[in-house]
Amino acid sequence: MDLTLSPSEEEFRDEVRSWLQENHPGPEPEAGLDEVMAFRREWQLKLHAAGWAGISWPKEYGGRGATMIEQAIFAAEATRQEAPAPANVLGLAMGGPVVIAHGSDEQKARYLEPILTGEEIWCQGFSEPESGSDLASLKTRAVKDGDEWVVTGQKVWTTFAQYAKWCMLVARTDPDAPKHQGLTYFLMDMEQEAVQTRPLVQITGEGEFNEVFFEEARVPDANVVGGVGNGWAVAITTLMNERAGLAFGAISQIQNSLGRLSKLARETPANGGTAADDPYFRQRIAQLHIEVETMRLNAYRGLTKTMQSGIPGPEGSLGKWQWADINQDLTELALEIEGAYSVLTRGAEHAVAGGSWQYGFLRSRANSIEGGTTDILKNIIAERVLGLPRLR
Amino acid sequence: MYFDLTDEQQAIRSTAHDFLASRFKSERLREIAASESGFDESGWKEMAELGWAGLALPEEWGGQGLGTVDLAVLFEEMGYALAPSPLLSNTIAGLALSVGASDEQKERWLRPLAEGELRGTPALIDADGSAEPMQFSMAAESDGDGVVLNGVKTLVMDAASADFFLVATADGGRHIVEKGSSGVTVTPEESIDLTRRLSSVRLEGVRPEATLPGSGEDYHPVFLRACVALAAESTGLAQRALEMSVSYAKDRQQFGRPIGAYQAVSHRCAQMLLETENSRSAVYGAAWAADAEPESLPLAASTAKAYASDAGWRVPDAAIQVHGGIGFTWEHDLHFFLKRGRANAAMFGDAKWHRERVADAVLAGESAPAAS
């Protein structure tokens, strides 16, 4: 057991650390999504030029071929320094790895480079209005027409669809096959009249994600990834990819938030002292620290296990569940500490910390829904880790 | 970065697992729990032969010289098996002797303790004082001929089966008092936990056999290791209660299905797994810190003890709920797990006490400690 970094890992961390310190462009602009995306595109170009885009990708495809620990180090360090996200998060984390794992040589040659540069943004067309947790029940149809497929249906919760050139689309190509079969994974060109996106406004007032409508949209047969009828297996790879990197980024982010929460407690007057002297708040903050530590240590334990076995196990679901719980608790506690001021949000003269905790509180409501609801994660854990019987 | 047990540690685990499973079957456990002494002499001898009495004690004094991670492995298995044994109290006494005793004292007390020939236990909490960790009120009075001890130590683990006590005094010192010394009276206390005996030890004008030269601060790392060992034990309790629940939920049928198919039950089991795994990670993180990064041990040990204190009884509690009525019967073993977990939670600082230590560390600095 050794919970420290090896000399080569330390060297890698120092390299990441100093490069980020010299190159990261500061906080994202407090502006509309268009400006933010332009900012992120520029940042991604810089990342790519220095070889930091797609660090988990094999070198032959333009990546860095980093080990899982190096990915974790990079994610933790980038978050610690509050570096912006790259523009093409979904392309880097999911699209590229899927093309690398299942794509043809032509597809690799065509798609990978513009993912790395951020020139082409990717989005993910999985969920539908009637197929959320039960993804395999999706109804969007793709019908063969010569060497093309004609796609009709609707996708939802499609992050950055409004900026995307390519959509990782899972559609039903065989309505008679059992539901997990009969699905096919396509790369759909979003730039056509038959594809319409409409932003969905979230409870935060923002519109990160969209509804996407396909009205006889065309996708060439050459854009099938992994073969007709294999869509489910290909989609699952997508979901498994870069878990390690994502987890460690998420943990660093929570550590940053916990630091800010402690600061808020120290600066908020309470009972003649500050909230940091209040026994109730002290207990709550300590418990959050303890939970974050267990999550971090679990993630390291999981990483060791994954490196031994080569594949991430279903235990990863525990981390995602715990992350959502902690993030929600943390922002709820911030609002409790703010007391009556907790109603004031961004734009209010007397909002505490610029209203950032109000935004955080609202945004974190989605944490237990996005990327697999906590309820579904518990099912996965019960069935696949504990081996309990399925209800269905 | 490598967060897993070594092959040697795996071997300790499997030896401990198999030995304890064969030695402490439910019927035997109940016999020991119902017995006058609550102690299993033959089991102790075998543990001593396996080297467990001195597992983490220095080799030069008869121990195995292994680390806190190894100790955590062993105590996780002790909890899993619900082993009634003075091994924990003996280990804590041994660790205290290794840091606080003179060579002469080590030769006389530590060596036989590490070899399993003598058993020691710490006598810490004053009946008339605070029950908080490391707060002692008994005075180390001196009458010219040496130290004289008066007062009552309570919540002393395994006093009946111990040969000597390590008595803490207000100055932070430790004194060796043999159980048979004049002026020493041991009175058993009824504990909810039938697998670990607690007693009061009354000292009336007792002259200790020896006073250790060590100071109060020397024993702080021992306290922290004791917290880690106890947290490891609680993790083992949680693991066993989880396994019992999962197995029952697969087996027990209601409304024509195994109850584990119902999400009200399966999600409860998932929660139990989460708490058990978190507990384990916190324990091994702290155990590793004890061996490799002592400066981070205080925070890591409090993190582990706080988390495992909660999980160590909440998971068995949830297990009783999964089992329904049968889980509430004396006949079922689950109540022993709940009780041991509850007792572990209260000893060496409860969750609230340790959270306060964590709050001190977290709220003092500019931010939470960053990941490496």
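Reader: Is H9(A) largely enclosed or exposed, and how many of its residues are buried?
Author: In this predicted model, 17 of the 23 residues of H9(A) are buried, so the helix is largely enclosed by the rest of the structure. A buried residue has 20 or more other C-beta atoms within 10 Å of its own, with C-beta atoms placed from the backbone. Helices here are DSSP runs of H or I with at least four residues, numbered from the N terminus.

Reader: What is its span, and what follows H9(A)?
Author: H9(A) reaches 34 Å from its first C-alpha to its last, close to the expected 33 Å; the expectation is 1.5 Å times one less than the number of residues. After H9(A) comes A:Gly339, with a positive phi near 60 degrees.

Reader: How many residues of chain A are in contact with chain B?
Author: 47 residues of chain A are in contact with 43 of chain B, contact meaning C-beta atoms, placed from the backbone, within 7 Å. H8(A) gives the most to the side of chain A, with 15 residues.

Reader: And how do H11(A) and H8(B) cross?
Author: Their axes, lines fitted to C-alpha atoms over the stretch in contact, come within 9 Å and cross at roughly 80 degrees. H11(A) and H8(B) are therefore roughly perpendicular, a term for angles of 65 to 115 degrees. Among the residues that meet there are A:Ile381 and A:Val385 from H11(A), and B:Cys269 and B:Leu273 from H8(B).

Reader: Turning to chain B, which domains are assigned?
Author: The assignment, which is automatic or from a database, gives domain 1 (7–114), domain 2 (120–215) and domain 3 (218–364). The centres of domain 1 and domain 2 of chain B, taken over C-alpha atoms, are 21 Å apart. Their contact takes 21 residues from domain 1 and 20 residues from domain 2.

Reader: Which element gives the most on the domain 1 side?
Author: H5(B) does, with nine residues. In H5(B), 13 of the 14 residues are buried, so this helix is largely enclosed by the rest of the structure.

How values were computed
Residues numbered from 1 in each chain as written. Chains lettered and ligands numbered in written order. Predicted model: local features only at pLDDT ≥ 70, side-chain atom pairs only at ≥ 80, totals over all residues. Axes fitted to C-alpha atoms, helices over the stretch in contact; angles between N-to-C directions. Helix = DSSP H or I, 4+ residues; strand = E, 2+ residues; numbered from the N terminus. Parallel < 35°, antiparallel > 145°, perpendicular 65-115°, else oblique. Contact = placed C-beta atoms within 7 Å. Buried ≥ 20, exposed ≤ 12 C-beta atoms within 10 Å, placed from the backbone.
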